[in-house]
Amino acid sequence: MPEQRVVLRNCGVINPGRIATYLAVDGFKALNKARGMTPEQVIQEVKDSGLRGRGGAGFPCGLKWELARNAPGDTKYVICNADEGEVGTFKDRYILANDPFMLIEGVTLAGYAIGADMGYIYLRAEYQYLNDSLVKAIGQAREQGLLVDFDITIRQGAGAYVCGEESALMDSIEGKRGEVRYRPPFPPTKGLWDQPTVINNVETLMNIPQIMLNGAGWYNDMGTERSKGTKVFSVSGDVSKPGVYEMVLGSPLRELVEGLAGAERVKAIQIGGATGRIVPYDMMDTPLSFEDILGAGAITVFDESRDMVDIVHKTLQFLAEESCGKCTPCREGTEVMAGILERFARGEGNERDIKDMERLSQAMMLSALCGLGQAAPNPVLDSLQYFRGEYESRMQEKRGSVAR
Amino acid sequence: MNDHLQVSSSQYNDKGNLLLRLEEAQHRLGYLSEQTMGELAESLGISVSEVYGVATFYSFLSTRPQGKYVIRVCKGLPCCLKDSHMVISAIEAAIGIRPGDTTPDGKFSLELTNCIGACDSAPAMLVNSELHVGLTSRRISRILKTYEQASASDRRGG
């Protein structure tokens, strides 16, 4: 299955510093078309397209918009989540650098649909070098009179993985510690400054102009039953051609990893970053879709030379460090797991440690406040399922005399 | 109730936004001193502990003086796979400090940071807000020299 460029269609084609080059490829035509329709019609089109959020959770985009549109409130907000912090994810960086205009059009369309007059792009601190070109692109759109009754401001993060989580992100825009909020209420009814807010990933918003221009029918012809359209993947690790690739949803993992990125001697793949899933080589034919495995599209490839305990240990160290600390299951659970994995890495694990990690995993999945803590056990459980032998070989009692 | 109203009247105003004020202060002063945080707390009518809580939550804010150039080496998994340890050792050897430290002349601080989203050309690092990718020990020494020289010519220029 070859690449299919919908989101990335202008990347490398237009000049990201000149809006005229975007206007020349039907730029802002979708916005004009939408302004001839009622906001309800726009929302219906997005609902009919079947577009689901591309940040990892996969919530239906049109439904989110409808909830915000119908929520009572004088002031409503659109937020573009450009806090791409998931390990191994860099697609949004590529999009922001190469086609800021389609994103601006998408944000403005969302604003029109829900009745917002203000949009924020929350840009992670690590991407500060993209700030000036984004500001310039917004300025050009404003000068062209394309942001009618609507404006977009960039807010820079200050370095916190958890701020990619929507409620923590909103706290951060409000100037606070980026801690996760209890829900309900959800952002479409009570979001930024307690006002109805739509918060969408960069890639989700990039799809909107294409859907409005070509129609929901064109869009939902692509993909599987519950995963419509395309997905942009960030492929890195042990591959000969790391980079950003866009494929129709439902394409097999093998096509992406071996076909496009040129991986060889693959042992395992982490899909969706630190909180994503780890699959062994014999699952290479798994379709990349919401029904199967997807996340935000981070694909980290490990070849046969890699040590899975080491990989999972590093992953849990990262999650322990980035846990916001608000809820106990995540704050303590990630620490304890990182500690146990540290022992395995030293060759001092035991059978009981594995049982402890499994019990802790259940508790975290059931009781953590947000996706970080709920999904933090994924790498542990997946590696125990598929690579248990690597843990067993690190157990003290099985190492014999070499240990002394 | 009154407090609540006060907060909401200033909420759209960037002046009342603690994180923005901290980012601005760090940009201007290089780091967030106790004095700066105390003044901010007073001007915003909030407790110093609240200011400190936000200042220490974010890894790009610093409550200690930092070097003119802050080097952040990515320690994300994809960079680890591409030997980010070599990057750390090469920098340590070149500027003589360990992660978490600042050179005595105040030129460089060295930090390790989580994934900076440059995994397609790992290993990578940020120096202030500039991204450097595809690092090798030769490249690293060239990059560091460039900053050394920029820092020296800044001083000559006054």
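Angles under 35 degrees between two axes count as roughly parallel, over 145 as roughly antiparallel, 65 to 115 as roughly perpendicular, and the rest as oblique. Keep that in mind for the helix pairs below. One more thing before we start: what you are looking at is a predicted model.

**A pair of helices to begin with**

Take helix 4 (residues 61–70) and helix 6 (residues 100–114) of chain A. Their axes come within 8 Å and cross at roughly 45°, so helix 4 of chain A and helix 6 of chain A are oblique to each other. Where do they touch? Helix 4 of chain A brings Trp65(A), Ala68(A) and Arg69(A), while helix 6 of chain A brings Ala110(A), Ala113(A) and Ile114(A). Sorted by class, this contact of helix 4 with helix 6 of chain A holds 5 nonpolar residues, 1 charged residue and no polar ones.

Now compare helix 12 (residues 308–322) and helix 16 (residues 378–386) of chain A. These pack at about 170°, and their axes are 9 Å apart. That makes helix 12 of chain A roughly antiparallel to helix 16 of chain A. On the helix 12 side the contact uses Met308(A), Val312(A), Thr315(A) and Leu316(A), and on the helix 16 side Pro379(A), Val380(A) and Ser383(A). The classes here come to 5 nonpolar, 2 polar and no charged residues.

**Chain A as a whole**

Stepping back, chain A has 18 helices and 9 strands. Its C-alpha atoms fill a box of roughly 75 × 45 × 40 Å along the principal axes. How does its radius of gyration fit with a compact globule? A compact globule of 404 residues would have a value near 22 Å, and chain A has 22 Å, which agrees.

Chain A is divided into three domains: domain 1 (19–220), domain 2 (230–303) and domain 3 (308–397). The C-alpha centres of domain 1 and domain 3 of chain A lie 34 Å apart. Even so, 10 residues of domain 1 of chain A are in contact with 8 residues of domain 3 of chain A. The domain 1 side of that contact has 7 nonpolar, 1 polar and 2 charged residues.

**Two sheets, one in each chain**

Strands of a sheet pair through backbone hydrogen bonds, either parallel or antiparallel. In chain A, 4 strands make an open sheet in the order 3-2-1-4, with parallel pairing. Its edges are strand 3 (151–156) and strand 4 (197–201) of chain A, each pairing on one side only. From one strand to the next, the twist averages 20°. Look at strand 1 (residues 77–82) of chain A: it pairs with strand 4 of chain A in the parallel sense over 5 bridges. Tyr77(A), for instance, has Thr197(A) in strand 4 of chain A as its bridge partner.

Chain B also has an open sheet of 4 strands, ordered 2-1-3-4, and here the pairing is mixed. Strand 2 (108–113) and strand 4 of chain B are the edges, each pairing on one side only. The twist in this sheet averages 20° from one strand to the next. Strand 3 (residues 125–127) and strand 4 of chain B run antiparallel and are joined by 3 bridges; Met125(B) has His132(B) in strand 4 as its bridge partner. Lying across strand 1 (69–74), strand 2 and strand 3 of chain B is helix 6 (residues 84–95) of chain B, which runs at about 155° to strand 1 of chain B.

**Where the chains meet**

How many residues does each chain give to the contact? Chain B gives 30 residues and chain A gives 35 residues. On the chain B side, the elements that give two or more residues are helix 2 (18–29), helix 4 (48–55), helix 5 (77–81) and strand 4 (130–132) of chain B. That side of chain B divides into 19 nonpolar, 8 polar and 3 charged residues.

Most residues other than glycine have a negative phi, and most peptide bonds are trans.

| Cis peptide bond | Omega |
|---|---|
| Pro184(A) and Pro185(A) | about 0° |
| Ala122(B) to Pro123(B) | near 0° |

Pro185(A) sits in the loop between helix 8 (166–173) and strand 4 of chain A. Pro123(B) lies in the loop between strand 2 and strand 3 of chain B.

Then there is Asp149(A), which is not a glycine but has a positive phi of about 50°. You'll find Asp149(A) in the loop between helix 7 (131–143) and strand 3 of chain A.

Key:
Residues numbered from 1 in each chain as written. Chains lettered and ligands numbered in written order. Predicted model: local features only at pLDDT ≥ 70, side-chain atom pairs only at ≥ 80, totals over all residues. Pairing = 2+ DSSP bridges. Axes fitted to C-alpha atoms, helices over the stretch in contact; angles between N-to-C directions. Contact = placed C-beta atoms within 7 Å. Nonpolar A, V, L, I, M, F, W, Y, C, P; charged D, E, K, R; others polar. Domains from an automatic or database assignment. Rg over C-alpha atoms; globule rule 2.2 N^0.38 Å.
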